[in-house]
Amino acid sequence: MSEGSGSESGGSGGSGGTVVSSRFETSDDEVASRLRLAVGRLNRRIRIDGSESLPPLQLSTLVTVEQHGPLRLSELARREGVTAPTMSRVLSALDDQGMVERAADPGDARGVLISISADGLDRLREVRSQRTALVARRLDRLDAAQRAALEAALPAIEALIVADED
């Protein structure tokens with residue numbers, strides 16, 4: 001929807017479901033749609049411009065193992081929302097590149113725990129640094145008022161993801 005569309009679906013009657021500006025009203029659904037689209041496109045742009053050699057699921061898996069590891073394959077698959085066979089292929093690729101390490105699970109001799117290797121940590125630092133630089137270049141395009149508005153919105157944007165973290 002365009003900014004000035006005047007659509008008020010889901011937020012009429014002053015029930016707190018509408019964001020009011022001096023020019024128009026924007027429903028919660030419209031804000032959610034615009035935010036989803038902007039965040040998705042920015043994320044896609046960063047991935048494209050970053051041209052990492054790691055596919056998104058491999059990169060996401062490394063981050064998950066870094067944050068929550070060591071983990072069993074089944075737990076990794078659950079956290080990444082993929083099947084165990086898919087996660088097995090991802091881990092094989094990461095293992096081949098030396099980015100993860102496997103060790104026996106001390107609580108279950110049949111199980112294996114996956115942790116991130118020093119090479120995996122180095123790769124994550126590299127990707128994060130590159131992506132931060134890409135975002136910084138995009139921030140340089142904004143004027144002072146836009147930058148201030150974005151900075152002021154960061155706590156709210158960060159709050160959107162807190163509830164979804166494990």
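**Pocket, helices and sheet**

Mentor: Helix 1 gives the most to the lining of the largest pocket, with 13 residues. Helices (H or I, at least four residues) and strands (E, at least two) are DSSP runs, numbered from the N terminus. This is a predicted model, where local features need pLDDT of at least 70 and side-chain atom pairs count only at pLDDT 80 or more, while totals for chains, interfaces and linings use all residues. Residues are numbered from 1 along each chain as its sequence is written, and side-chain values use heavy atoms, with hydrogens and water left out.

Trainee: Which residues lie nearest the centre of the largest pocket?
Mentor: Val39, Leu42, Asn43, Ile157 and Ile161, out of 42 lining residues. A pocket is an open set of points on a 1 Å grid over the protein atoms alone, where a 1.4 Å probe fits, with protein on both sides within 12 Å along at least five of seven lines; lining residues have an atom within 4 Å of a point.

Trainee: How do the lining residues divide by class?
Mentor: Into 22 nonpolar, six polar and 14 charged. Ala, Val, Leu, Ile, Met, Phe, Trp, Tyr, Cys and Pro count as nonpolar, Asp, Glu, Lys and Arg as charged, and the others, Gly among them, as polar.

Trainee: New topic. At what angle do helix 2 and helix 4 cross?
Mentor: Roughly 85°, and their axes come within 10 Å. Axes are lines fitted to C-alpha atoms, for helices over the stretch in contact, and angles run from 0 to 180 degrees between N-to-C directions. So helix 2 is roughly perpendicular to helix 4 (65 to 115 degrees).

Trainee: Which residues make that contact between helix 2 and helix 4?
Mentor: Leu57, Gln58, Thr61 and Leu62 of helix 2 meet Thr86, Met87, Val90, Leu91, Ala93 and Leu94 of helix 4. Contact means heavy atoms within 4.5 Å. Seven of these residues are nonpolar, three are polar and none is charged.

Trainee: And what about helix 3 and helix 4?
Mentor: They pack at about 105°, with axes 9 Å apart. Leu73, Leu76, Ala77 and Glu80 of helix 3 touch Ala84, Met87, Ser88 and Leu91 of helix 4.

Trainee: Last one. In what order do the strands of the sheet run?
Mentor: The order is 3-5-4, in an open sheet with antiparallel pairing. Two strands pair if DSSP finds at least two bridges between them. Strand 3 and strand 4 stand at the edges with a single partner strand each, so one side of each has no neighbour in the sheet.

Conventions:
Angles under 35 degrees count as roughly parallel, over 145 as roughly antiparallel, 65 to 115 as roughly perpendicular and the rest as oblique.
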